[in-house]
Amino acid sequence: MIAGGCRCGAVRYSLAVDAVPGTYACHCTICQRMTGASFAHQMPVAEEVLTVTGELTPVPMATLSGGLSVQRYCAKCLTRIYNTNSARPGVAIVRAGTVDGSEGLSPRLHIHTSTKQPWITLPEGVPAYPEGAPLEVWRTLF
């Protein structure tokens, strides 16, 4: 089982999985602005394997494609824990930095590299896509 939580400890979660899911780095400008960082490190999981305790604040956002993304933050410290997106029903995107032991996670692919910060050098041998990864590639992460 994989576990994680927010900065203040008010929200904890577990993932009922046998192995750590793969992660990816999104370099889109929306993720850059939402994280205040150069990219978002994320972990897609089946929503059914995610169990959360503690109070979350949901924040719905329209996506560029006209869908709906619901971001979920710790109600106390405002750490962004995960989101769901109407374009990918049944999938939760967990923020990889909230996973206990996240220092051991390395992205298995990079997306939206057309808008990555120019000083970031992507590692050789890791798939990178100027926009989103094809669904069949993205789904190999979980």
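Select His 112, which sits in the loop between strand 10 and helix 2. Helices here are DSSP runs of H or I with at least four residues, strands are runs of E with at least two, and both are numbered from the N terminus. This is a predicted model, in which local features need pLDDT of at least 70 and side-chain atom pairs count only at pLDDT 80 or more, while totals for chains, interfaces and linings use all residues. Residues are numbered from 1 along each chain as its sequence is written, and side-chain values use heavy atoms, with hydrogens and water left out.

Check the backbone of His 112: its phi is near 55°, a positive value in a residue other than glycine. Most residues other than glycine have a negative phi. His 112 counts as partly exposed because its relative accessibility is 22%; buried means under 20% relative accessible area, exposed over 50%, and partly exposed in between, with a 1.4 Å probe and protein chains only.

Move on to Thr 113, which lies in the loop between strand 10 (107-111) and helix 2 (135-138). Is Thr 113 buried or exposed? Its relative accessibility is 16%, so Thr 113 counts as buried. Show its contacts, meaning heavy atoms within 4.5 Å. Leaving aside residues up to four places away in sequence, Thr 113 touches His 27, Leu 122, Ala 128, Tyr 129 and Pro 130.

Next, select Leu 78, in the loop between strand 7 (68-74) and strand 8 (80-85). Leu 78 is not a glycine, yet has a positive phi of about 65°. At 56% relative accessibility, Leu 78 counts as exposed.

Now go to Ala 92 in strand 9 (residues 91-95). Ala 92 has a relative accessible area of 0% and is therefore buried. Which residues does Ala 92 touch, not counting residues up to four places away in sequence? They are Met 43, Pro 44, Val 45, Glu 47, Leu 50, Tyr 82, Asn 83 and Thr 84. Draw a distance from Ala 92 to Leu 50: the C-alpha atoms are separated by 7.9 Å, and the two residues are 42 residues apart along the chain.

For the next stop, colour strand 1 (residues 2-5) and strand 2 (residues 12-15), which run antiparallel and are joined by 4 bridges. Two strands pair if DSSP finds at least two bridges between them. Ile 2 stands opposite Leu 15 in strand 2. The hairpin of these strands has 6 residues between them, and there Gly 9 takes a positive phi near 90°.

Finally, zoom out to the whole chain. It has 2 helices and 10 strands, in the order β-β-β-α-β-β-β-β-β-β-β-α from the N terminus on. Along its principal axes the C-alpha trace spans about 40 × 35 × 30 Å. The chain has a radius of gyration of 14 Å, which agrees with the value near 14 Å for a compact globule of 142 residues; the radius is taken over C-alpha atoms, and the globule rule is 2.2 Å times the number of residues to the power 0.38. Of the 142 residues, 42% are buried. Among contacts between residues at least 6 apart in sequence, 52% join residues at least 24 apart.
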